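I opened this notebook to record what I looked up, entry by entry.

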Amino acid sequence: MLETWQASVAAIVFISVIALIMTEWVHLTIAAFLGALILVFANVLSLNEAIAYIGSSYSTLALFFGVMVLVRSFEPTKIFEYLATQMVLLARGKGKLLLLGIVGVTTVVCAFLPNATTVMLLAPLIPPMAAEVGVDFVPLLILMVLVSNSAGLLTLVGDPATFIVGDAINVSFLDYLLRLSLGGAIALLVILLLLPILFRKIWNRELNNLDHLPTPQINHPRVLAVGAIIVGFVLVFFVVGETLPIPVTPAAVALMGAALALLLAHHSKIDTLNNILRDVDWSTLIFFMSIFVLIGGLQKTGIIAGLSNVLALILGQNVAGASLLLLVLVGAASSVVPNIPLVVAMVPLLKQYLLNVGLVGPEVLNPNFGGDFPPEVLPLFYAMMYGATLGGNATLVGASANIVAAGISELHGRQITFRRFLHYGLPVAVAQLVAASLYMLFRFLL
């Protein structure tokens, strides 16, 4: 009886938090934070258990915090304003070239770095760039998010959700490129085709006279030169750190980069430690902590395990039909649940489903299982990758990059509302999920 009551509370609180975020009655961070604390006060989770669920996702939080500090430390050098002006000049003041430039730069960076990290590094360029062209920066930020989420499918390391699923089925970097990268390229093609429609005003915008553009000067060039070495160190170790004899995780690299940036800023006196830490986007970090607790409540009370049985009843052993249905279901779920905690919860659920219907043995439930899955069940995991990543484009809360962009927008004085993000994200996500379904059908299922 007690367990049933706790499961009901966990489900009601989770649904209520999502409803509050969607209707925008309460700021998303406050809604999630209150929801997490209600679970603690209702004794669904003890405070120790809640902290343990946050701790289990420490790598995501550490990565975000490290990159936030790194980016903020170099703001006094005016490097972001300088690069933004250069991009406008390269685009020759044409809106369509600016949009295509954002797509191109974001795609290249996101092929090697996690999408939320890419947004944290590149998003500070957007507001000054938009100001120079005379357009609203919010649609440009949303475009960067949509591209970063989609480009995250190009490689195994481009999106944390993709990496989590790939790691669960022991797929290698090269195998991923051969089997799944084309799906990411197709998702990006969908965005390119929709650019003139969804971003029509900016697409048709032209600046005839570029002479009036401000020419920001870079401050503290020596500090910036040392900073470039730090950023280079971080980027290189993001890519190769986990392959070293002594592996270094991206989270550890980001924190080391942040520590070195703080040391440089303090020693050179370009800014103070208090100013830098005050400007960190604590709202986004607290939101993610709270979401991890809410998902933990669903796990502890058995709701997620119960869903695996429902999945077995609906899907049966028809892998082709199950894969397409799973892509749509996970895509829909990822539009209201951030995709990182979603796939963390879905991977064991899917493994349990495969065991229930007799397609795999019990050994796959071992977190340290290093063997190969039967080839016929792999499309189910591929479908989960595509669904979780592309479905996250639909709404403001669908992916970590979306939340990061919303936080950056607020720091620059504008709020990205749930409804406004939906205007751009929903048509893109629907078109991409249809395209991914067709790719899955012809590549793996027929």
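**Entry 1, the cavity.** I began with the lining of the largest cavity: its largest share, 4 residues, comes from H6. Helices here are DSSP runs (H or I, at least four residues), numbered from the N terminus. H6 (95-110) and H8 (126-133) each supply at least two lining residues. I noted the basis too: this is a predicted model, where local features need pLDDT of at least 70, side-chain atom pairs count only at pLDDT 80 or more, and totals for chains, interfaces and linings use all residues. Residues are numbered from 1 along each chain as its sequence is written, and side-chain values use heavy atoms, with hydrogens and water left out.

I looked up the cavity term: on a 1 Å grid over the protein atoms alone, it is a set of points where a 1.4 Å probe fits but cannot get out, and lining residues have an atom within 4 Å of a point. The structure holds 1 cavity of 30 Å³ or more. Ala, Val, Leu, Ile, Met, Phe, Trp, Tyr, Cys and Pro count as nonpolar, Asp, Glu, Lys and Arg as charged, and the others, Gly among them, as polar.

How many residues of H7 (115-122) are buried? I found 7 of its 8 (buried: under 20% relative accessible area, 1.4 Å probe, protein chains only).

A pocket is an open set of points with protein on both sides within 12 Å along at least five of seven lines. Of its 47 lining residues, the closest to its centre are Ser59, Pro160, Phe163, Ile164 and Asp167. Helices that each supply at least two lining residues include H4 (58-73) and H10 (160-168). By class, I have 30 nonpolar, 13 polar and 4 charged residues there.

Is Leu313 buried or exposed? It is exposed, with a relative accessible area of 75%; exposed means over 50%. I place Leu313 in helix H18.

Note on methods. Points joined across faces, edges and corners; volume = space filled by probe spheres on them.
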